[in-house]
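Trainee: Please take a close look at one part of this model for me. I would like the sheet and the packing around it, with the cut-offs spelled out.

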Amino acid sequence: MLNVPSQCFPGASSQQRVSSGGRSKVPLKQGRSLMDWIRLTKSGKDLTGLKGRLIEVTEEELKKHNKKDDCWICIRGFVYNVSPYMEYHPGGEEELMRAAGSDGTDLFDQVHRWVNYESMLKECLVGRMAVKPAFPKGMLPKSQATDPLAKEGPSSPSYDWFQTDALVTIVIYTKQKDINLDSVIADHRDDSFRVETVIQDYSYLIHIALSHEIQEDFSVRVVENVGKIEIVLKKKETTSWKCLGHPLENHNSLIPKKDPGLYYRKCQLISKEDVTHGTKLFCLMLPPSTHLQVPAGHHVYFKLTITGTEIVKPYTPVSDSLFSEFKEPVFPNNKYIYFLIKIYPAGLFTPELDHLQIGDYVSVSNPEGNFKISQFQDLEDLFLLAAGTGFTPMVKVLSYALTNIPSLRKVKLMFFNKTEDDIIWRSQLEKLAFKDKRFDLEFVLSAPTSEWNGKRGYISPALLSEFLKRSLDTSKVLICICGPMPFTEQGMKLLHDLNFSKDEIHSFTA
Ligand code: FAD
Ligand code: NAP
């Protein structure tokens with residue numbers, strides 16, 4: 001669907017450009033980049049053909065607009081004329097046409113629900129879907145007649161609150177044992193307080209306009225074995241509160257995790273340093289009024305406004321170094337998040353990021369991702385296949401495994417890059433391999449100099465079958481793979497050919 005180029009579009013000389021097939025590899029014509037699209041939307045041209053009018057669209061009407069040059073698509077109740085966007089869609093026209101004349105919400109969510117289509121397509125908005133006729137008396141629509149959560153989801157959490165002269169404590173009873181500090185994301189903004197507790201694939205939301213003012217910072221505690229969360233707010237004045245406040249959107253509800261949409265807070269750029277010629281380590285500071293920890297293997301979304309259009313791209317937090325698990329953090333407390341980001345001079349988003357000055361802000365979303373720490377349970381061999389910045393999810397995964405998994409016998413990283421100069425944190429990796437005998441390292445270069453003595457080429461059956469040797473015949477293994485989309489797709493295919501099961505492979509994607 002509305003595919004903002006992300007991991008799909010490699011640099012100009014990359015061989016990925018010539019690979020074929022798959023939604024991510026459709027080359028765009030000259031003058032059809034996202035920046036060209038933004039320019040067109042700002043040109044004042046009538047992109048809907050409705051001269052600025054917004055209309056109510058019936059299902060019958062929607063169905064009629066199903067051709068390339070007259071293509072309407074409904075996303076979350078809003079209808080867009082996407083014909084003018086066709087040539088700019090990096091996933092190709094065919095992918096957009098899959099939803100022509102129909103509700104494309106599910107298709108959109110499957111591919112990348114994080115893309116800020118509202119902003120990108122605002123000039124293509126035709127109107128809203130007309131409200132369907134009411135249900136016959138006594139009948140409820142399916143979603144109201146049955147409560148799917150009662151059957152499929154976790155049992156419903158609840159909350160309570162109490163106060164002392166100085167403090168207000170909100171207590172959430174999740175009734176789940178696997179809750180930890182990563183599961184809780186809390187934000188205090190103006191007079192509203194929002195807590196999202198992630199419980200399996202659901203979010204339990206507390207969202208309140210507080211009745212009284214509180215101080216900026218607050219603390220979060222989790223009693224893990226009973227799944228109880230305590231959030232302690234500091235009153236601004238020592239008056240007694242008669243109520244906590246009044247409910248805001250989705251308050252006290254347990255909803256599928258993807259339903260509330262991405263929630264952002266502004267984070268300040270604290271530092272930026274070169275790591276390789278193309279990649280930099282960015283340090284961002286969360287506001288004091290936010291509690292957020294990104295679990296290993298998960299990513300967040302950055303949002304920046306670029307020439308008037310909000311653009312969203314995913315990035316994967318790392319630690320400040322490979323050794324930070326074993327030493328005092330440079331900045332104490334969990335307020336700092338680090339990112340290794342490759343700057344693409346011809347890219348849309350990263351040059352803007354690179355232009356940010358220390359002290360500037362970028363909006364950062366709640367974490368997302370489907371990597372589960374439970375995949376490490378009883379793990380004996382961990383194999384990591386990374387290409388370029390596909391190394392980023394491996395950083396926390398590697399540190400977590402080496403620090404927390406007693407059953408772990410072997411961790412091996414095969415790191416694919418173009419040249420030696422592109423290898424991120426090479427000396428740290430070599431130091432780690434020297435210090436920890438469980439960790440082995442292999443670099444593979446696709447365009448090395450003649451002095452390179454190591455492995456060369458691309459991911460291949462020969463490289464993988466030699467590398468992926470279990471330490472024991474019966475070892476429990478996990479293989480993580482991340483890099484440019486064609487690399488990951490090819491790697492997945494090779495792993496299946498080598499008879500690794502689905503449960504033994506995790507690929508990182510958006
Ligand atoms: P883009 O505008 O996407 O362009 C990138 C390159 O492709 C440029 O050289 C450009 O000229 C070329 N290009 C653009 N469009 C086309 C096209 N249609 N046809 C051919 N070539 C094209 N990146 C990191 O650096 N660090 C991370 O931690 C990180 N984490 C990620 C996590 C996830 C889950 C995913 C999916 C991606 C992650 N990425 C990460 C990649 C990141 O989201 C961006 O894709 C990347 O930063 C490039 O963005 P850009 O807008 O600057 O470049
Ligand atoms: P890069 O420098 O372009 O490529 C790294 C190495 O992979 C190079 O040796 C490259 O070879 C090789 N390669 C590229 N395409 C290949 C293919 N189809 N088959 C085999 N080998 C291939 O990488 P990058 O610019 O850092 O890009 C990293 C990618 O990872 C981005 O697309 C980013 O979106 C993605 N990423 C994803 C996540 C996630 O969680 N999903 C996280 C971080 C990054 P050549 O260049 O010589 O062709």
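Mentor: Two strands pair if DSSP finds at least two bridges between them. Strands (E, at least two residues) and helices (H or I, at least four) are DSSP runs, numbered from the N terminus. The model is predicted: local features need pLDDT of at least 70, side-chain atom pairs count only at pLDDT 80 or more, and totals for chains, interfaces and linings use all residues. Residues are numbered from 1 along each chain as its sequence is written, chains are lettered from A and ligands numbered from 1 in the order in which they are written, and side-chain values use heavy atoms, with hydrogens and water left out.

Start with strand β19 (residues 300-306). Two bridges join β19 to strand β23 (residues 361-365), and the two run antiparallel. Lys-303 stands opposite Ser-363 in β23. Both strands belong to an open sheet of seven, in the order β20-β19-β23-β16-β17-β22-β21, with antiparallel pairing. Its edge strands are β20 (309-315) and β21 (317-318), each pairing on one side only.

Now the core. A nonpolar core is a set of buried Ala, Val, Leu, Ile, Met, Phe, Trp, Tyr and Cys residues joined through side-chain atoms within 4.5 Å. Buried means under 20% relative accessible area (1.4 Å probe, protein chains only), exposed over 50%, partly exposed in between. The largest core has 52 residues, of which Trp-37, Phe-302, Phe-339 and Leu-353 touch the most other members. Strand β19 gives the most to this core, with five residues.

Next, the rings. Rings of Phe, Tyr and Trp (its six-membered ring) pair if their centres lie within 6.5 Å; planes under 30 degrees apart count as stacked, over 60 as edge-to-face and the rest as tilted. That rule gives 16 aromatic pairs. Trp-37 and Tyr-85 form an edge-to-face pair, 4.9 Å centre to centre with 70 degrees between the planes. Both of these residues, Trp-37 and Tyr-85, are buried. Phe-302 and Phe-339 have ring centres 4.7 Å apart and planes at 80 degrees, so this pair is edge-to-face. Phe-302 lies in β19 and Phe-339 in strand β22 (residues 336-342), 37 residues apart. Ring pairs link Phe-302, Tyr-315, Phe-339 and Phe-349 into a cluster.

Last, the helix. Six of the eight residues of α1 (residues 34-41) are buried, so α1 is largely enclosed by the rest of the structure. Trp-37 is one of the buried residues in α1. The buried residues of α1 pack against α5 (117-120), β19 and β20 (contact means heavy atoms within 4.5 Å).
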